[in-house]
Structure formats: structure tokens, C-alpha cells
Amino acid sequence: MRRPIGLCIAALMPFIAITAHAAEPSGAMASIEVRHVAPETWRVEYRFPKAVKEIRLDAVGDFRQKAWRVRSPGLKLAAGEKVDVISAGGKPFKAASIEITRYDGRPEKNYAPFNRFSDGGTAMYLGHLQGEAMRADIRLAGLQQENVIAPPQNRQKPGGERGYAYFGPAQAVQADAVQVLVDPKTPDWARETLLDAGAKVAQYYEKAYQRPLQEKLFITVSIGGFEGPGISMNGGAVLGQLAYHFSGAQMIGDHPKKREMLARLVAHEMAHIWQMSTTRGGVGESDPWIHEGGAEAMALDAVAQTGIASAESVAAYRAAQTATCDKLGDKVDSYAGIYACGLARFERLGVGIVPLWRAMMAATEATGDTYSEQMIRNIAAGTGSGG
Ligand SMILES: [Zn+2]
């Protein structure tokens, strides 16, 4: 989302969407081949082990209407409000060929289909290629001389949804358990903040939540341009991956306030990585205020404890979010409410955020259930009675 408003934290609202795919009865996976065939064009070839009657994909704004073209004769794409369907009018098919052209839209509440880098590189969100219950083996091929970096495999659901694949001239930098791909136009202050806050917060979470990362982390930073007014800093956490996207004229020039905003975004996104760093269970599809409000609370604790942000600035942010939540009538049914009132709900529990989320991670792993309000209540009650 782009919001042309100064240093407003609203521009920092990231979104995390994990789609739970129903397990497929058969063990056979579809295969998806993604080939970059021209600077702005990708060919996607679906092949199914058994004939299917349709490919159902969660709608992503007008992405598929605008950027997808079905090449296979007889197949048609019908775009819907919630679901896009590719079919041959009921006739079974085993393969589908699609052409996808560059799309710069950033549909709300969805991962941006493409993140463009200033050097011509592109990151494509592979999750949008996989439908409900579709497990797939994805192969990638770039243009000649192009570097292609695949996102990590879906650790929790083999063949399940994956993050951003990179096609472009840049090479990733390897540092310990982290692989980083930074747009060359990234301002120095932002690059420094990302690396510094990232390292400090990761170290803090590892210790506080007593849990190392389950997998190597792949971080991408792309710059959308500095022409537009204001500042927009976006983050998205996918299994094993963090994708940041920055744009707007106010990205240029160092300022402690901007560093703090970005550090908070980093801490928020990293919190999701830890929320998902469990062997099973984890983030569910309902009640997004739990993982978003939880990430807000975990982030505020982390930036305060690591000294990245001052106590005053943490208090100011908390007060601003509380005011937002009050205006929304303490409801978590809106985009802003998920974050602001989600945070308020965790604060009101009167339980330390670290012991609470440590217990949540243990509970999700022990039961296999996703994080839930009931889980929070049980833990909070237990902690309360135990003194
Ligand atoms: Zn988030």
C-alpha cells in the first residue's frame, strides 16, 4: 500500500497472509515451470499428473485480469471477486500455459505480485501461481546471463505456497544464516538500519523466545522509486523470507525518526518469522489481530530491550496506536484495527509479551493448532494464577 503521508507509521503496515492448503489426497504434485522470456514477460507452464477440471486461484485484486493471458487453446480465465478460475468449460485438461506481464499494482491485503529493483531485477511472488490445495514442484529459468534465486521451500507444507523468486543482475550476499539481496539504490541509512536492526533483533528473539530460526532467511530489499510524495516502507514475511519495498521522495535523506520507523518494521517482520518458526501449527487464517497485534507487541519489546528505540519513542508509538484503536471502537475488523487494537489487546492482558509468546509457540507446537484467542486466554490465565 502506498500512502503519500509524511512520516506516518500507517505507511508501515505490513501484511502477512498464510494460506492453509488442504492436503491433497494423491501424493502426486503438479509441476510449474516459470520462464523469464522477455524483460517484462514470464511464461508459466502448469502440468498436472492427473487431468483437472479447473485451476482455482485466490483473487489478487485485478492482477490476473490485467497481467495474465492464457495461451493454451480452449482454456479461459474467469476473474472473480474472491477466486479466479482457469477452465475449459468443464473439459478436463492436464496442462495450461500462461503468459504473465509486468504488473505494478500492489493489491491491498496481498503480497505484491512483483517487486521491481532499480537495476532491472524483479522478484515475483510464486504463491500467486498456486491454487487452493495445489501442491507443486516449481522450476525457474531466467533470461540469458540472468541470476535466478529461488525462495526457500515451504517447510511446513511440502509443495505448498512459496515466496518471492528473484530474476535479475544482482547477486545475493551471504551472511551466516541470512541471504540478502539489496537494491543498489537503497539509501545508506536504510541499508544500515536493515542490517543493524535485523542482526540485533534476530539475536534478541533467539534468546528471548529460546528458539533458533528453523531455516535460512532470504531477505530482499527493492526500491520502487523516489518520485512520489511521502514515504512508503512495506514489509512482507513469508516462510523463510522477508521482502521489503521502499518508495517515495522522503526515503532520501537520513533522519533518526526514519531509522526508528524502519527498525520497528524490521522487528515486526522478524517477529512473524519467529511466530512461524515452529515445527507445526503457527499462524492461522482467522483472527489476523493475533499475529499482527502480536508482532507489534513483540517488536515494541524488541526495539526497547535492544536499545534500538528510546523508551519515550516506544511510549509515543504505543499512545498513537491506542488512540487509533479507541477511534475504531476497539474493533479488529478493519485493516488498521488489526494492528492497533491487536496491539492493545496484548497490552491489556497484563502478561509479559515474551513469556506469553514463548508459551504460544510451545502450545502451537504441542497441539498442532494454530494460534488462537483461546490459546492466549489459557496461557494468560495460567500465568496469572501462578503469580
Ligand atoms: Zn505483520
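1. Strand E14 (residues 178-182), helix H2 (residues 188-208) and strand E15 form a left-handed β-α-β unit. A crossover is called right-handed if, with the strands pointing away from the viewer, the path from the first strand over the helix to the second runs clockwise. Helices (H or I, at least four residues) and strands (E, at least two) are DSSP runs, numbered from the N terminus.

2. This is a predicted model, in which local features need pLDDT of at least 70, side-chain atom pairs count only at pLDDT 80 or more, and totals for chains, interfaces and linings use all residues. Residues are numbered from 1 along each chain as its sequence is written, and side-chain values use heavy atoms, with hydrogens and water left out.

3. E15 pairs with E14 in the parallel sense over 5 bridges; strands count as paired if DSSP finds at least two bridges between them. Leucine 217 in E15 is the bridge partner of valine 178. E15 also pairs in the parallel sense with strand E17 (residues 241-247), over 6 bridges, and there valine 221 stands opposite tyrosine 244.

4. Elsewhere, alanine 88 lies in the loop between strands E6 (83-87) and E7 (93-101). Alanine 88 counts as buried because its relative accessibility is 18%.

Definitions and conventions
Buried means under 20% relative accessible area, exposed over 50%, partly exposed in between (1.4 Å probe, protein chains only).
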